[in-house]
Amino acid sequence: MTESKSAFAPLRSRIFFAIWIAAMASNVGTWVQSVGEKWLMGEITRSPLLMSLIETGATLPMLVLSMPGGAIADIVDRRRMLLATQAWMLLAAAAMAVLSALHLVTPGVLIGMSLLLGVGAALNSPAWQASVPDLVPKEQIAAGVALNSAGFNVSRAVGPALGGLVVGWLGATWAFALNAVSFVGVLLVLKGWKRQPVTTDLPAERFSAAMKVGLRYAWHSKPLQVILLRGGGFVFFGGPIFSLLPTLAIHRLNLGSTAFGLLLGCTGAGAVGITLVLPGLRRRFTPNKLMALATATFAAGLLALAFLNHAPAVGLVLLVGGAGWLTVLSTCNTGVQLSVPSWVRARALGVYITVWGGAMAGGAAFWGAVGERWGIHVAFAGAGIGMLLMLLATARLKIQALHQPLDLSPHHLQPHSPGPIDPHEGPILTVLEYRVPEPNKTAFREAMREVRRIRNRDGAVRWSLFQDLVPPDPGQVRFVESFLSSSWGEHLRQHHRATVEDRAFLRRAYSLCVEPRPRVRHLTAAWEGRDSILDRILE
């Protein structure tokens, strides 16, 4: 099968195709509303800061709610969660249309309503993106992610242009009403999706525990941290191309609503255009080199916007910028999908979206304040220079899963249980004893560094490795590994979280020992005392 054909293979799935079309229509409505909001704000005030705060209001909820949204999506039926979030956004858009029709819109109302829509988007996004593996086979995940990105950017190209026409002919109220109607199609398609429920004999995971495990996974996953750093830095410095564009178009270029919508759609058109040549570029460049090239191109576009005063030239820069934006963010999104196992995918995407939303919201407010104080030309130039410096600082950080695929399919380890145990029993201390030949001692310690990362990433609250001062036999060293789980149920989940990749690291450590497998014991807390403040200070 050729690459061009395989890129569209997910569309052969009827449910993926239906959801993809419905989502694209809904995204068109979202961009139509965005044009209405920004145009209405431009008529009310000339403040770059207030204009930028619309973007902050839309993306700030991602900073607060994406991680909880990811945790919920990993422990409940994602289809039902998507239905709830889509209904919320429909009601928010409808309320905005009513307020606009009654002439009750102020800058505070615009920012507040964008915040409410952002709440729905923040809770919706992790579940939506994590549903791709539920809709397509494993070998088509990357293609499914790319098609989702392409569909979003088709909407970004069409939506602003349509929004400019709607606002110019009918007014902002109809832009908000059109967005509300656009959610109906998504709700109907989701209603007809017969998602296969995930069956498990494990006890139900609690929300607070799921949150903690998700954060712990992100804290101990270096591949994910690289994506968060590079993606977050790109969005922080690249955000002004969206948050300050209304000020540039309305107050510096003096464009009407239709021309403003067309200009805003240039970024989406550039993103759609790059999807046609991206497969060829990926054959010529490694993903990390392609991402660096796209980042540098985007930075050059920001610097150009600081000096351009003609709409056609600005539109050309936005076309190139849209291509760079899609290349970087689709690369990061695919990297997240391929860097984490299925049990934590929505939570990892929640962390990614949290970083993305925080960088977008913080960047919009920061560069808006810079534009307010020194002018938007300084803000664009500063963002471009900052992005180039960020690129240099992160040049050595590679997204591992894109050039060295990881086998993250599950490899369930069998728990050593003497009998039925209450899943809430705990905390549980797991103790493993290793006998290592003296010549292998240093290599074993190094191998256990990776084992420590696996234990902590999969949910261990605490981990340690001790060496016995008294050798068990001449020429041998005894090591004792211990890690603490919050409960027996959580310990069982840790066994189910092991992947084939993890198993390879464990086998490496076991191969350095005298015995093929360590001796394992499980202990539950008989009594737990809390140290006094003085004890902790003296410690």
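**Notes on the predicted model**

1. Let's start with G301, which sits in helix 14; helices here (H or I, at least four residues) and strands (E, at least two) are DSSP runs, numbered from the N terminus. This is a predicted model, in which local features need pLDDT of at least 70, side-chain atom pairs count only at pLDDT 80 or more, and totals for chains, interfaces and linings use all residues. Residues are numbered from 1 along each chain as its sequence is written, and side-chain values use heavy atoms, with hydrogens and water left out.

2. G301 counts as buried because its relative accessible area is 11% (buried means under 20%, exposed over 50%, partly exposed in between, with a 1.4 Å probe and protein chains only). G301 and A381 lie 80 residues apart in sequence, yet their C-alpha atoms are 9.6 Å apart in space.

3. L303 belongs to helix 14 too, which covers residues 287-305. With 26% relative accessibility, L303 is partly exposed. Leaving out residues up to four places away in sequence, L303 touches F380, A381, G384, I385 and L388; contact means heavy atoms within 4.5 Å. From L303 to V317 it is 14 residues in sequence and 10.0 Å in space, C-alpha to C-alpha.

4. Now for a helix pair. Helix 3 (residues 48-75) and helix 9 (residues 207-220) pack at about 115 degrees, their axes 9 Å apart. That makes the two roughly perpendicular (65 to 115 degrees; under 35 is roughly parallel, over 145 roughly antiparallel, the rest oblique). Axes are lines fitted to C-alpha atoms, for helices over the stretch in contact, and angles run from 0 to 180 degrees between N-to-C directions.

5. Who makes that contact? Helix 3 brings M67, P68, A71, I72 and I75, and helix 9 brings F207, A210, M211, G214 and L215. By class, that is nine nonpolar residues, one polar and no charged ones (Ala, Val, Leu, Ile, Met, Phe, Trp, Tyr, Cys and Pro count as nonpolar, Asp, Glu, Lys and Arg as charged, the others, Gly among them, as polar).

6. On to the cores: a nonpolar core is a set of buried Ala, Val, Leu, Ile, Met, Phe, Trp, Tyr and Cys residues joined through side-chain atoms within 4.5 Å. The largest has 91 residues, and F234 and W325 touch the most other members. Helix 16 (residues 345-374) gives this core its largest share, 11 residues. A second, separate core has 17 residues, including A460 and Y510.

7. Overall, the protein has 22 helices and four strands, and 53% of its 539 residues are buried.
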